[in-house]
Amino acid sequence: MATQTSSKEKSENDFHNIESYEGPPPYSKPPALHFSEPGPPTTHSVSRDQCIAHLKLLSVFAELRTTVSNTDGLFGINDSQAARFVPNQEAQSLSLARIREKRWAVFTSRAADRYATWWSKNPFPSDEYITLNDLRAPRYSTITEGLKPFQWESRYLPPLDVLMVWHAHALNPRIYLEDCLRAGKIRFWSTEFPWQLIDKAIDWENIEYSPEDEARVLFQKLTGRLWENQDESYEKNLNCLRCTESFTVPWTTGDIGLKLDDAFKDCAGYADNSFDASCPSCSYKHNLQTMRVASFRQDVQALVSTGRPMPGSLLNAQGLPDGSIESSFPSRVLSTAKVTILKVTTPMVEKNELKRSAANKRIVAGEIGSVKDMLDIRSLIEYTISSDSIMAKANGGNGTRLSLEQKGAMRKTIAHYWENSSIFGLDLVGAVMRQGTFIQKVDHLDWVHSPTLSATVDKLIRKYGVFFDIMVKHMKTTVPTLDVDLAWHTHQLSSSRYFKYSRAQSRKYGIEVFIDHDDKVDEGKLSEAFIWTCKTYASVTNGEVFSECNCWYCEAVREVNLYSGLSAILTSSSTRNARNQAEKLLNDPTIPTEMEKSSHISAHNAVSVRDASGRSRAAAKIREAQLRSAWEKAHRRAQKSRKMSSTKPSDAYHGRFRVWGHPYSIPFYAPYMCDASINSSLYADNPACKSVGVGSYGNCAAGLCGGSGDMAGCAAMGLSL
């Protein structure tokens with residue numbers, strides 16, 4: 001009991017409201033789990049025991065983050081650096097928060113690197129790689145069917161940091177499926193997440209993950225890596241992109257700098273924002289951009305030499321493997337242009353800048369220099385798709401114009417390399433960070449210790465069923481609450497089951513689709529979609545309240561839905577029932593009014609939007625004003641009935657939090673907003689932002705998409721390209 005309380009108090013250090021936290025609820029030991037099958041995968045989603053095991057694992061992840069971030073001196077990052085900001089107490093406090101965050105950022109970068117090794121060398125044998133010829137074969141559309149999953153054994157369990165990255169990877173279902181197809185791991189994809197073995201490996205009294213010793217021995221033997229992330233060298237081995245000679249670089253140079261707004265921004269280690277290292281043998285300069293170009297080049301080389309498809313070309317617009325000529329377009333067009341592409345992406349020590357036209361920076365034929373960054377790759381793609389001869393050949397003589405689906409496929413291919421130099425379809429460090437927001441919120445709710453845990457999980461599974469039906473029926477961005485998101489995440493971790501369920505449920509509405517779970521969505525779009533989701537949920541359930549929460553934001557959402565013109569969309573009975581339920585919530589003493597204590601909108605995937613025009617900032621100000629107005633109306637309405645405290649409206653949305661254990665204030669904060677504890681300058685790739693607007697870095701090539709549709713930003717859940 002005492003150990004448990006101490007652990008939960010430590011987890012306060014991450015992102016909790018410092019004025020309202022009252023400590024953990026009464027301790028209740030989680031029930032014994034038996035892991036029976038949920039039922040047929042086409043009609044049943046997840047079981048209660050799987051969700052509870054997932055909650056326990058999230059608690060272990062939260063404990064890991066707290067331990068790593070608070071270990072003074074880890075990776076050479078010392079708390080003493082905060083003394084630079086004395087006597088400014090506020091700056092010193094914020095600097096300590098950034099120091100803790102930086103340790104976790106470096107740890108996660110190392111974890112992603114270790115996961116890549118385990119991915120390629122885990123005990124499950126690989127299948128043959130998918131080739132372009134396979135995509136053309138009729139049997140490709142059934143490649144996910146009739147698979148014989150591997151049998152998990154406890155000795156196969158990876159270390160906790162590797163398990164954490166795998167967890168984040170699998171929670172991007174379409175990317176995960178395509179990565180498994182490209183890597184020849186389709187049977188691994190079909191193998192269930194080992195909930196029973198993970199649960200057995202968790203020492204619940206100490207909230208520790210402790211597999212048997214045989215797992216440690218096997219991991220080290222297969223991968224050549226140490227079991228503990230922290231025990232490995234503080235330097236990373238690299239092979240030069242030009243001469244292939246091996247040399248070492250630090251994971252981080254670890255200096256916070258003198259400006260807190262850009263903390264650690266000038267660090268030049270492998271996990272740092274400004275990574276910069278030259279090969280001692282040939283002087284070739286390595287940075288994040290040259291590594292992304294190299295990743296693109298290596299994939300084109302594999303396409304040419306072995307027929308291995310480019311990322312983004314294995315699934316159609318519905319997320320299904322069908323081998324259509326539209327979805328495989330990126331592989332065909334880049335294969336057609338292979339001579340030029342391989343020539344200009346060859347690593348060079350000294351080359352002139354590319355000559356570009358003033359209008360759109362296209363590469364001019366015959367004047368191509370050495371490609372050095374992703375802006376050059378974008379120009380290269382623009383040049384390629386603007387060539388009638390290349391397009392005609394790639395399309396088999398059937399025209400030179402791109403179809404809508406071909407544009408979408410090429411956007412997905414380019415997105416693989418924006419802000420990502422890994423072998424995977426997205427930057428897994430950022431994926432772990434965004435999942436961390438969800439993990440911390442769920443860990444703070446502490447359902448796993450609730451005496452009503454079983455009933456809570458049964459209810460959230462039922463809500464998830466309704467939520468999923470809304471998604472496949474309307475095919476719009478549909479935003480879950482935290483409880484629904486727990487079931488949704490748990491379901492996705494059984495990849496094959498989730499795939500079959502998606503296809504079967506969508507067929508009911510005359511379509512067939514693999515529902516995606518984007519983890520990088522514009523925070524403004526999330527808020528707007530959440531309002532729609534709450535309204536639609538009330539409509540299909542005869543007035544049930546989707547977010548059973550009394551924080552200011554959920555009160556504002558209910559005001560918009562139930563006391564405005566939008567309520568006319570609901571039937572009179574469902575509107576009446578919804579209003580009655582909303583009023584009951586105000587009198588329910590078990591429902592807290594603080595944002596961090598309730599299961600409201602799940603916005604771990606929220607990112608801020610960066611555009612040159614400032615339109616996104618203007619839209620955010622309008623949205624803020626609308627929400628403030630709606631909350632104030634709800635507040636006045638409740639006060640008249642003496643059902644709400646006299647809290648001043650301005651207090652309701654003034655954020656006062658602990659960020660990585662230190663006080664931090666935000667003039668306006670809502671639960672749908674990007675996690676305020678993520679500071680972009682600490683990461684090699686920004687996990688909390690995306691670029692939009694024509695010409696923005698991270699946007700697509702001209703001729704492929706408009707500003708807001710870039711796959712680099714993972715525009716929306718479901719079908720969005």
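The largest pocket in this predicted model is lined by 47 residues, and those nearest its centre are Ala116, Tyr270, Ser421, Ser422 and Ile423. The volume of this pocket is about 1,400 Å³. By class, the lining consists of 22 nonpolar, 14 polar and 11 charged residues. Several secondary-structure elements each supply at least two residues of the lining, namely helices α3 (89-121), α6 (173-182), α10 (288-306) and α16 (428-445) and strand β4 (235-239). Of these elements, α3 gives the most to the lining of the largest pocket, with 8 residues.

Helix α3 also takes part in helix packing. Two packed helices are described by the angle between their axes and by the distance between those axes. For α2 and α3, the angle is about 115° and the axes are 8 Å apart. The crossing of α2 past α3 is right-handed. On the α2 side, the contact is made by Leu64, Arg65, Val68 and Ser69, and on the α3 side by Arg100, Arg103, Trp104 and Phe107. Sorted by class, the residues of this contact are 4 nonpolar, 1 polar and 3 charged.

Helix α2 (residues 48-69) packs against α17 as well, at an angle of about 110° and with the axes 10 Å apart. Because angles of 65 to 115 degrees count as roughly perpendicular, α2 is roughly perpendicular to α17. The crossing of these two helices, α2 and α17, is right-handed. From α2, the residues in the contact are Arg48, Cys51, Ile52 and Leu55, while α17 contributes Leu453, Ser454, Val457, Asp458, Leu460 and Ile461. The contact of α2 with α17 comprises 7 nonpolar residues, 1 polar residue and 2 charged residues.

A further packing involves helix α17 (residues 453-474) and helix α18 (residues 482-492), whose axes lie 8 Å apart at an angle of about 80°. This angle makes α17 roughly perpendicular to α18. In this contact, α17 is represented by Leu460, Lys463, Tyr464, Phe467 and Met471, and α18 by Asp483, Val484, Leu486, Ala487, Trp488 and His491. The classes in the contact of α17 with α18 are 8 nonpolar, 1 polar and 2 charged residues.

Key: Residues are numbered from 1 along each chain as its sequence is written. This is a predicted model: local features need pLDDT of at least 70, side-chain atom pairs count only at pLDDT 80 or more; totals for chains, interfaces and linings use all residues. Side-chain values use heavy atoms; hydrogens and water are left out. Axes are lines fitted to C-alpha atoms, for helices over the stretch in contact, and angles run from 0 to 180 degrees between N-to-C directions. Helices (H or I, at least four residues) and strands (E, at least two) are DSSP runs, numbered from the N terminus. Angles under 35 degrees count as roughly parallel, over 145 as roughly antiparallel, 65 to 115 as roughly perpendicular and the rest as oblique. Contact means heavy atoms within 4.5 Å. Ala, Val, Leu, Ile, Met, Phe, Trp, Tyr, Cys and Pro count as nonpolar, Asp, Glu, Lys and Arg as charged, and the others, Gly among them, as polar. A crossing is left-handed if the near helix is turned anticlockwise from the far one by less than a right angle, and right-handed if clockwise. On a 1 Å grid over the protein atoms alone, a cavity is a set of points where a 1.4 Å probe fits but cannot get out, and a pocket is an open set with protein on both sides within 12 Å along at least five of seven lines; lining residues have an atom within 4 Å of a point. Grid points are joined across faces, edges and corners, and a volume is the space filled by probe spheres set on the points.
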